[in-house]
Amino acid sequence: MRKVFFMLALIARIGPVQEAPRDAPSVPVDGLHDHQKMTALRRDPRSLPRSAEGRWKNFERTTTAAEPPPEGMREAAIAIRERDLPRALVLLYGVLDSEPDYPPGLYEMGVVYFRLQRYGDAAAALERFLAVAPARVGETRVLGHSYYSVGDYTRAKAHYERVLAAAPREVEALRGLALCEMHLGEAQKALDFLGRVLELEPRHTDSWAWKAQLLFDLDRSQEALVAAERARDLDPWQPRPWFLLGRILLDLGREKDGLAAQVRYRNLAAAAQDVVSIESRLEYLPHEMPLLTRLVELHRSTGNVPAARKALVRLVRERPTDVDLRILALDVLEGMGDAEGARVAAQALQQRCTEEWKAWQRLERYYARTGEKLQRVEAGERFRRLKPD
Amino acid sequence: MLHAAILLAAAGPQAPQFTEIGARALPGVVTHCGSSAKNFIIEANGGGVVLGDFDGDGKIDVVIVDGSTLERVEKGESGFPPRLFLGRGDGTFTPAGPGWAIAGGRWGMGGAAGDIDGDGWLDLVITEWGPNRVFLNDGGKGFREITAKAGLTGSDWSTSAAFLDYDRDGKLDLVVVNYLAFDPKTAPKPGQEGCRWKGHDVMCGPEGLVPVHDQLFRGHGDGTFEEVTLKAHFRPPEAAFGLGVMTLDYDDDGDTDIYITNDSMANHLWENQGDGTFAEVGFRRGVGHDANGKEQASMGIGCGDWNGDGRDDLFVTNFSGESDAFYVSAKGLGFRERSSATGLAGPSIPRLSWGTHLVDFDLDGDLDLSVMNGHVYPQADLPGTDTSYAQGDQLFRNDGRGRFSVESLSDAPPAVSRASAWADLDGDGDLDLVGLQVEGQVRVFLNGARTGEKAHWLRVRLRGRDSNHDGIGARVVAQWSGGSQRTEIRTTGGFQSAVPAEAHFGLGAVDRLERLVVRWPSGRDQVIEDVTVDRVLIVEEPAR
């Protein structure tokens, strides 16, 4: 789970390459066969062709709007954004086969491999990126994360220090450095670095949790409790702060509170375990409808509204005009008490499924609940008009 | 570049501590575990190894528990039989005579040895995928199977087992760890039902399969048992995928507690309540999860008083991509997970680890760790896994200052290792190892620790009178001017293995003990003054 937290935090912040505009032409999902994806997944980034010496010497100056990216690069960016990582990999190999060592291609390939939890391959791609674009070291925290993820803390530490020399306020590198210090037996240094992370980003949940854990390990349970409570308040759906709270409270002799935290942890952890399992399968099979549906159900079961919203976006994106999916989205958000999200879902249902009687039937109920009389009447009329005899 | 081959390569500049002599020690002795393709989880765990002196000649013998194949199961044929090999006392073995022959069961997994009928001879339990089996030792002449009347209920898939005397009545009891309900007819095949790992189709499980509850049996002292799982409250709300077991008195209250590792689920610490029942306290004591609260895929268990505070510490091996866990006793009765602080976390992440032992391999007076490694998926050799199928085994040497340094365990090439057990096979005072691969030649690792002026040792065997015959569950404390060491008599080797019932002390420069203190399972304390070292000491429980 640690690596997943790590990864999710990272994903939110990745992206030196300009994202393609939303309406850019994309390769259709069916445009790539499974065997192409399988071939790409079986490739080794170390086998990519090399560019001529000095080809990217002036990379910083040449990456202007005047020079369009190689064919496939925009589509790769879209695939990454849409979390279709195997497709992104096919496209990136195409880019790098035709334009060896194209730096943004290498960078994105490293990020994709990292998200696929192929850390050695991620490191290989990012090391090459760094070799051709050394000035961009400040953007390569993912290389540190890759070393870290295979347990090479000494190397990860050295790389984070390089990143921070170039980008001193790079929070994720700072956090990574803290964790390396922890693994290298330097608990106090780790705490110092986490303190710096929290100065820069006081709402960094994961760093509060690590701080709580380190303090607990040092038998500073009262301070650990404060940090764990902060982590829990920032993200009450994450099991880890509850786990720490349970341990700390029991250690402090607060039996009742500790046991309550333990129960909350167990409930959240069971769902989180399933979420992790599904998410990791979705990295390789991003269009699997049963998995996407299960993800929605899991977040609904824990009451995690933000996560449920995101999961619903992924689900309906697969079939934007599928009335049953749109109704599911409305059911889920309304059932979770997310009035704002339910309104968006209702609007989308109305706009995307105009000719579906089931949509209007559901909307009639929705507007009855919100007390919007005119809309309710209109929805009812549309339902009865469209419904087959 | 971070290539798996580099990640998993041998570390450390000096010659390895152990020399692998399996081909000479047990020539042609191989084990089996299904097909090499490993399409089903039943083919993953390998067999078991049980070390003990079965013929009473003072030399350590070995039982190799062998598996089977799904083809044999389909045809209704028995599995490959467990075999006893008698130790020659030099680290090599010879096949035992026909009196010791054991028929094959369904599919052998692990085993445990102990004197369950109180006649002074070491008896044997074999765990199986199928009914577990019991063999009495007929006066050092051979085994006699008594499974039918032994009372070991259950016929699912058992992995590890351990003898203990939880009610301190002088008769050995038995804990059996169960994994899951496996049926090859209904088991999903690789790639089905999302059985993928890092983009590759792999065997399914344990997720998606049905876990089976562990069992506790109370011994009658005549080789038979009664199941007391429910009566002893030895049952969690939900069954788990059990793999490893350790007996220990974690709270030092004089009775034996039980620690069980589970695959992909929280580990369990069963605290003996002293009234014939147990309470599960894994979360409370901090030994159920990793430091982040994650349930790990746990296998082997090493146990010993690493930090010298008088309470045992627990080392747990885990799946690749997870760090092994080191639960060190802390204030109160809790533990703190210190794999990071001790340098154990990083080197374990690329490896999938199994048999492990927390003992003093270099006789310098502090506890080291051996770890056997090997992946469950042959697909680990495909691109992008950050690991490999065959892996090097590791020795984590204690630097005496709170950290471990990692070395290659031996000169042997990487292998797909599984269970292991320790004993002084060649009588030179240091601890050797027998290790299994998932299939293939059994391996014997002779320890080349230098004994002498700065590497003294003592092995202690107990002979119980009111306590059980071998003193299983006894606490033994070695004391000298300025220091002491504590250990317990236990025979579980952690994962599908058993070790001899003896305490082993590496003493460094300590060449004489002021006293040796034994707290017997009967509750009696015994003090032996002025103990010479570098020998095997046999201590008899005094009469009341």
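**Figure 1. A:Gly337 and the end of helix H18 of chain A in the predicted model.**

**Figure 2. Packing of the buried residues of H18(A).** Buried positions of H18(A) are A:Leu325, A:Arg326, A:Ile327, A:Ala329, A:Leu330, A:Val332, A:Leu333 and A:Glu334. These buried residues pack against four helices of chain A: H16 (289-302), H17 (305-318), H19 (339-352) and H20 (357-370).

**Figure 3. Surroundings of B:Asp324 in chain B.** B:Asp324 lies in the loop that joins strand S24 (313-318) to strand S25 (325-329). Leaving aside residues up to four places away in sequence, B:Asp324 is in contact with B:Phe315, B:Val316, B:Thr317, B:Asn318, B:Ser339, B:Leu344, B:Ser348 and B:Ser353. A distance of 28 Å separates the C-alpha atoms of B:Asp324 and B:Val476, which are 152 residues apart along the chain.

**Figure 4. An open, antiparallel sheet of four strands in chain B.** The strand order is S37-S36-S40-S41. Strands S37 (483-488) and S41 (525-532) stand at the edges with a single partner strand each, so one side of each has no neighbour in the sheet. From one strand to the next, the twist averages 20°. Strand S36 (residues 475-480) pairs with S37(B) in the antiparallel sense over six bridges. B:Gln479 has B:Ser484 as its bridge partner in S37(B).

Terms used
Residues numbered from 1 in each chain as written. Chains lettered and ligands numbered in written order. Predicted model: local features only at pLDDT ≥ 70, side-chain atom pairs only at ≥ 80, totals over all residues. Helix = DSSP H or I, 4+ residues; strand = E, 2+ residues; numbered from the N terminus. Contact = placed C-beta atoms within 7 Å. Pairing = 2+ DSSP bridges. Axes fitted to C-alpha atoms, helices over the stretch in contact; angles between N-to-C directions. Buried ≥ 20, exposed ≤ 12 C-beta atoms within 10 Å, placed from the backbone.
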